[in-house]
Amino acid sequence: MRLTVERDGAIAPADRFVTFVDPGRDLAGAISRVTGIRDSDLLGAPPLETAISGLRDFLGDGATLVGHNVGFDAAFLERAGMTEPMPRLDTAELASILLPGAPSYALQSLAADEAIVPEAAHRALHDALTCASVLAALSRRARDLPPVVLEECRAQADLLGPAYAQFFERALLSSWAPEPPSARLGDVAGGRRDLGPTERSRAGAADGRPIDKEEVSTGARATERGTRRDGPPAGASPGRALVHEAFAQLERAWPGFEERPEQRQLAEAIEATMDAGGVLVAEAGTGTGKSLAYLVPALRRAAMGERVIVSTHTLPLQEQLMRKDLPALQAALGTDLPVAMLKGRSNYLCPRRWQIFRTAASTRDEVRLALKTLVWRSVTESGDRSELNLMGGEGQLWPRISSDDETCDGRRCARVAGGCYLQRARERAAQAGIVVVNHALLLYDARMQSTLLPEAQHAVVDEAHHLEDVASDVFGFRLEDSRLRRDLDRVARSPLVLAALRGERAPYAEALRVEVDSARERATETFATLAALLPANAPGGEDKMRVTGALRSGDERWLPVELAAERLEDALAGIMSECDRLEARATAEEEDERDELAGAAVEILGTRLAITRGIHDVRPGDIVWLALQADRTTGLYVAPEHVGATLRRSLVDRFRSVTMTSATLAVAGSLGFALDRFGVRDLAAALVLGSSFDHAGRSVLIVPTDVAYPSDPAFASDVALTVEEIARAIGGRTLALFTSHKAMRDVAKLLEPLEEEGLAVLVQGLGGSRRAIVERFMQGGAVLLGTQSFWEGVDLPGDVLRCVVIAKLPFAVPDDPLVAGRAERYDDPFREFQLPQAALRLRQGFGRLLRTRTDRGAVVLMDRRVIEREYGPTFISSLPDVRVRRVRRDSVADLVASSDLARG
């Protein structure tokens, strides 16, 4: 399709070249299902060579190739004989720049966001028309940008290609207006232009407007760390009466408010804990409404002048609390207390480092990120990375422009337009009665001696079942090849080093670069010796291995590791020394450049600590292991064997009250396992509340009695056949959960016949992002196969999901380094550690089925050990009150389909 550019910059489709091509073979069923093309449509179509010749004649000379992810199309055309080079313009890349907060850059998603309705998807002509419409929409977006932004886009776009420079040149000419006297290139932050629906929902404060410092500080008095509001409201009664009073108000304010006894009971227990002090560990099943149960007492405490930290694991829950739950609850209760969300410093853009980065951008990914953040800064109020959709290599570049730099104190960013986003976020938190954070920040604050969060009296930890894993990461160490080389590159490419190379300080900069080159060589040597230890170098080997005392003392391969690591550590020490020498010679005008180099040196220090703790000075109670990374390099990791004592110091000793809650904490009705892992067995109050969902009436657990055991080679075919029969019986609507990627892929291959019948087989890691395959599943007529991350955090409510198939009981791999290390502290590792872990994991997978009170369906557990082994009752009693059906495998699909639970 040929596109024309109007005088006002608008883009419109013109002539078309359309033809089918005879592929010389029958079409695969999946292609026909996706495109709608049948073999009969291709009868009489020309061969590929003829079609390409016609396309070449249609294009003529000087054409620009426009497409969505155009590199794929260009490569196809080149293989087909289109060898003449053409300038390219990629609408996916343009969208990434002009729509920095779009949730997806897939063509159909962009079209939907712009209210573009294609006639059909995945057909060449219709996709080309859709792409043209998206390009026209992007052109309009570009023309709406401030001219000062377009000026820089045009200046930097040459590095993306001439077609990009021409695109922004036209946009600039079409949008040009007299520039306000105060406008400069740096002054793009903080402005509010009209946002698209996606951007508007992702940018700004909780209510879509900036939080004014004077507005939130009314009635507050400053303390040494943050603020505390004066006294409780007149007539307020402490304790349980506050909760009853609040829920009475909710019933009056929300006509559809549904009384849930479990929710009221949880709220009362939390209020009592906040009132008296102490620790509460509470499980509240799905449907309880945990958020409301802890926000009601939290708001009451905030009204009384006490601050509450609310910590979650996932970003979606943080966003829900800030943008939905808290505003709605405050409106119902008639309060207007200041609340804030605070994240770790790496989540915020650093304007000072961003200025340095964008002026030095030289690669495609760097230029794209520079332009993307330039556009974003004209609309963002928070500077929060979560507002951005980083694609390709942009995520790897984010640390270079984030506030994750200990030298960043906000003072110098004040000189940059828009100021310091991190400092503004901290100021809001210091003025708020409720501060929403994530587990990592909560624990990092403890590690950093309480320098990140404002003083608070209470902490509520939701999604507490993730707390142990987060603590292991926060209080652990890691030595990774890619991470170290990134840090070394940051030192070598530091603006102060580059500037010094051009003047009389060149010897100091050269000496630093010599040390960096030496460190690179030593890193290669060190990681090679580590890789030699890992069995993954042999075909079929494992990708993890624990580094034990026996290995360090008795394996001749360990000595080369120590020697290489010692040389690497010496080289890193040399880098830090040379950094100090060069920093001492920075001028007063080079303060920012000096601090950027100092921040890079801090990262190098972190690597030295990882070498010490993982290789030279391993401490009792630490677990050290090697793991193969996605890029096939080997990493070294250190984590505490038991984080209970650390969590106790980090949480219990810091707050007057701590509440830890989740939907999956109890094993067979007992919280003993969780209390031990949290380190609070001797002092916490325990509360287990059932789900408010009718599991017994709306769900069934089906266990086939005659399937192969998971260790049997026939197990994969049994699982695949069962999933296939269920999918046919209920029209897809099936989620299958696995404990390993290999098992998932083996079953997926056996499910290919479903594609021929019009049922999509969606596989985690294949054919799109997690978000993309979930969106496709929700369209219906599909089976979804997933591993670890799909066992929780996936919400498929309503009729879209009717059956969850769990392939096997989710026991952790016994020789996994963390599992093996942590199991050692138990007398009976299987019963006291591995079995409780697996029971909790099974509950999480089971919980994918019912997400609302009206959901129905079946869970099929293909592992018959649950009804044959002596540990089976532990699994069954850990699940909600559900009916268990034991049937032959060949009758499973009929039971799922014929049951009223499956019909809805």
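Two strands are taken as paired if DSSP finds at least two bridges between them, and the pairings described here are those of a predicted model. On this criterion strand E7 (residues 278-284) is joined by six bridges to strand E17 (residues 684-689), the two running parallel, and within this pairing Val279 has Ala684 of E17 as its bridge partner. Strand E7 also pairs with strand E16 (residues 657-662), again in the parallel sense and over six bridges, with Glu283 standing opposite Ser662 of E16. Strand E7 is mostly covered, six of its seven residues being buried.

A further set of strands, E20-E21-E19-E22-E23-E18-E24 in that order, forms an open sheet of seven strands with parallel pairing. Strand E20 (760-763) and strand E24 (883-887) each have a single partner strand and stand at the edges, so that one side of each is left without a neighbour in the sheet. On average, and with direction ignored, neighbouring strands of this sheet are turned by 20 degrees against each other. Within the sheet, strand E19 (residues 734-737) pairs with strand E21 (residues 782-786) in the parallel sense over four bridges, and Ala736 finds its bridge partner in Leu785 of E21. Helix H31 (residues 741-750) packs on the sheet, where it touches E20 and E21, and the direction of H31 makes about 155 degrees with that of E21.

Two helix pairs were also examined. The axes of helix H12 (residues 261-276) and helix H13 (residues 290-303) come within 8 Å and cross at roughly 35 degrees, and the crossing in which H12 passes H13 is right-handed. On the H12 side the contact involves Gln263, Leu266, Ala267, Ile270, Glu271, Met274 and Asp275, which meet Lys290, Leu292, Ala293, Tyr294, Pro297, Ala298 and Arg301 in H13. The residues of this contact of H12 with H13 divide into nine nonpolar, one polar and four charged.

In the second pair, helix H15 (residues 351-360) packs with helix H26 (residues 591-616) at an angle of about 95 degrees, their axes being 11 Å apart, which makes H15 roughly perpendicular to H26. Arg352, Arg353 and Ile356 of H15 make the contact with Asp592, Asp595 and Glu596 of H26. The residues of the contact of H15 with H26 comprise one nonpolar, no polar and five charged.

Conventions
Residues numbered from 1 in each chain as written. Predicted model: local features only at pLDDT ≥ 70, side-chain atom pairs only at ≥ 80, totals over all residues. Heavy atoms only, no water. Axes fitted to C-alpha atoms, helices over the stretch in contact; angles between N-to-C directions. Contact = heavy atoms within 4.5 Å. Left-handed = near helix turned anticlockwise from the far one by under 90°. Nonpolar A, V, L, I, M, F, W, Y, C, P; charged D, E, K, R; others polar. Buried < 20%, exposed > 50% of the residue type's maximum accessible area, 1.4 Å probe, protein only. Parallel < 35°, antiparallel > 145°, perpendicular 65-115°, else oblique.
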